[in-house]
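Thank you for asking me to look over this model. My notes follow as numbered points, beginning with a question that I had on opening the file.

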Amino acid sequence: MMLRAVLPALLFAAGSAFSAPPELSGRVAAERPAGCAEYGFFFFSLYRAELWTDAAAPPGPNFGLTLHYRRGFSHDELVSTSIREMVRISGRSDENFDAAMAELSQAMRNVTEGDRITAWREGPDRIAFFHNGLPAGELTSDAGLFLDIWLGPESLDPKRRDALLSGRCDD
């Protein structure tokens, strides 16, 4: 008897796990992510990444990458880690990323467990950032390189990159 009362709630909760973030309303029609991956370190879950696109071959020209945080990170950690990865991927020195650092510093916020950051690629040279659904800033300097952290061939985690681009979700 109790199972009948709980089952609809569980099914609703499971279905809502794959609804597009509200900030992507009108930008993407997909009802579920093109791919997703859980990122962690040893036994600690850090965040879940979801790729949102209507493209038949992800990621497509316009898409969203949403990170659902499982733990907190400071603004400085998010900016410095992003720049460090962009330097690693590009092979350029960090002095080449002053403009990107300034833009990311404006766009990033401290995050806590349960927060969400979405990066919406509006073209090859522009990413609009949202923090928990609210506009947070943009990146116009090395925007594609920022997304390559997760989606590029030089990603630190090819298995998770493949999951994001292949339509798989690992939950």
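Which residue lies over the face of tyrosine 39, and at what distance from the ring centre?

1. It is arginine 160 that lies over the face of tyrosine 39, 5.4 Å from the ring centre. A charge is taken to sit over a ring if NZ of Lys or CZ of Arg is within 6 Å of the ring centre and within 35 degrees of the ring normal. The charged end of arginine 71 likewise sits over the ring of phenylalanine 73, at 4.4 Å from its centre.

2. Please keep in mind that this is a predicted model, in which local features need pLDDT of at least 70 and side-chain atom pairs count only at pLDDT 80 or more, while totals for chains, interfaces and linings use all residues. Residues are numbered from 1 along each chain as its sequence is written, and side-chain values use heavy atoms, with hydrogens and water left out.

3. Six aromatic pairs are found in a search of the whole structure, where rings of Phe, Tyr and Trp (its six-membered ring) pair if their centres lie within 6.5 Å, and planes under 30 degrees apart count as stacked, over 60 as edge-to-face and the rest as tilted. Phenylalanine 41 and phenylalanine 42 make an edge-to-face pair, because their ring centres are 4.5 Å apart and their planes stand at 75°. Tyrosine 69 and phenylalanine 73 are also edge-to-face, with 5.8 Å from centre to centre and 65° between the planes. Tyr39, Tyr47, Tyr69 and Phe73 form one aromatic cluster.

4. The surroundings of these two pairs deserve a comment, with buried meaning under 20% relative accessible area, exposed over 50%, and partly exposed in between (1.4 Å probe, protein chains only). Phenylalanine 41 is exposed at 52%, as is phenylalanine 42 at 69%. Tyrosine 69, by contrast, is buried at 5%, and phenylalanine 73 is buried at 16%.

5. Helix 5 (residues 158-166) has Ala163, Leu164 and Leu165 as its buried residues; helices here are DSSP runs (H or I, at least four residues) and strands likewise (E, at least two), numbered from the N terminus. Those buried residues of helix 5 pack against strand 1, strand 2, strand 3 and helix 4, where contact means heavy atoms within 4.5 Å. After helix 5 comes glycine 167, with a positive phi near 90°.
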